[in-house]
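User: Before we go through the labels used for this model, could you set out the terms as they come up?

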Amino acid sequence: MKIKIEDSVGFLTKIVENKIASTTHLLIEAILDAMIEFKSDYAIINCSDEPDDDADELLAEFGIFENWDDDDNNSYFEFSFTRQVLLKNNEEFYQITVNVVYDQADFIEVDGGGFWSMDYTNIQDWEKEVKTTQAYHIAKQSDSIKYKISLNMT
């Protein structure tokens with residue numbers, strides 16, 4: 001299905017909510033599955049088709065961050081999945097991101113990291129790499145504090 005970039009958060013939100021409601025997966029598993037489905041099943045209208053642009057890629061990132069919300073002075077562990085899209089005739093990328101926030105206490109010994117899908121032969125290899133991380137294994141065993149879906153430009 002083809003969708004407009006401005007509708008992407010709404011579509012991804014529905015996919016995430018459906019995955020959470022209809023699965024026995026834990027939150028982090030449901031969100032990873034949702035992001036892969038979103039990338040596989042929803043083409044962004046006007047996405048660049050230049051082969052060297054890396055115009056539609058996935059990124060998984062994790063680490064301890066301070067001040068997740070402007071009114072919050074605490075540090076949290078964050079696991080995020082981003083679909084980065086470059087539209088034709090644009091210089092900046094759009095990022096559709098799901099951030100999952102955890103209490104940092106469970107993740108003190110976890111180094112931050114990140115993985116671009118473009119660095120792997122296919123999405124399945126990227127997904128396998130994400131699932132092998134210590135951060136992902138701990139996230140599966142931890143309760144999240146909150147998650148947020150957003151659309152931003154780089």
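Analyst: A crossing is left-handed if the near helix is turned anticlockwise from the far one by less than a right angle, and right-handed if clockwise. The model is predicted, so local features need pLDDT of at least 70 and side-chain atom pairs pLDDT 80 or more, while totals for chains, interfaces and linings use all residues. Residues are numbered from 1 along each chain as its sequence is written, and side-chain values use heavy atoms, without hydrogens and water.

User: Which hand does the crossing of α2 and α3 have, and why are the two helices called roughly antiparallel?

Analyst: α2 passes α3 in a right-handed crossing. The axes of α2 (residues 27-41) and α3 (residues 123-131) cross at roughly 165°; angles over 145 degrees count as roughly antiparallel, and the two helices are therefore given that label.

User: What makes Asp 56 count as buried?

Analyst: Buried means under 20% relative accessible area, exposed over 50% and partly exposed in between, with a 1.4 Å probe and protein chains only. Asp 56 has 18% relative accessibility and therefore counts as buried.

User: How do you know that the side chains of Asp 56 and Arg 83 are joined by a polar contact?

Analyst: A polar contact is a pair of N or O atoms within 3.5 Å, where, within protein, one must be able to donate a hydrogen and the other to accept it, and residues adjacent in sequence count only through side-chain atoms on both sides. The contact that joins Asp 56 and Arg 83 is 2.7 Å.

User: Why is Asn 89 called exposed, and where is Asn 89 found?

Analyst: Its relative accessible area is 82%, so Asn 89 is exposed, and Asn 89 is found in the loop between β4 (75-85) and β5 (94-103).

Methods: Axes are lines fitted to C-alpha atoms, for helices over the stretch in contact, and angles run from 0 to 180 degrees between N-to-C directions. Helices (H or I, at least four residues) and strands (E, at least two) are DSSP runs, numbered from the N terminus. Angles under 35 degrees count as roughly parallel, over 145 as roughly antiparallel, 65 to 115 as roughly perpendicular and the rest as oblique.
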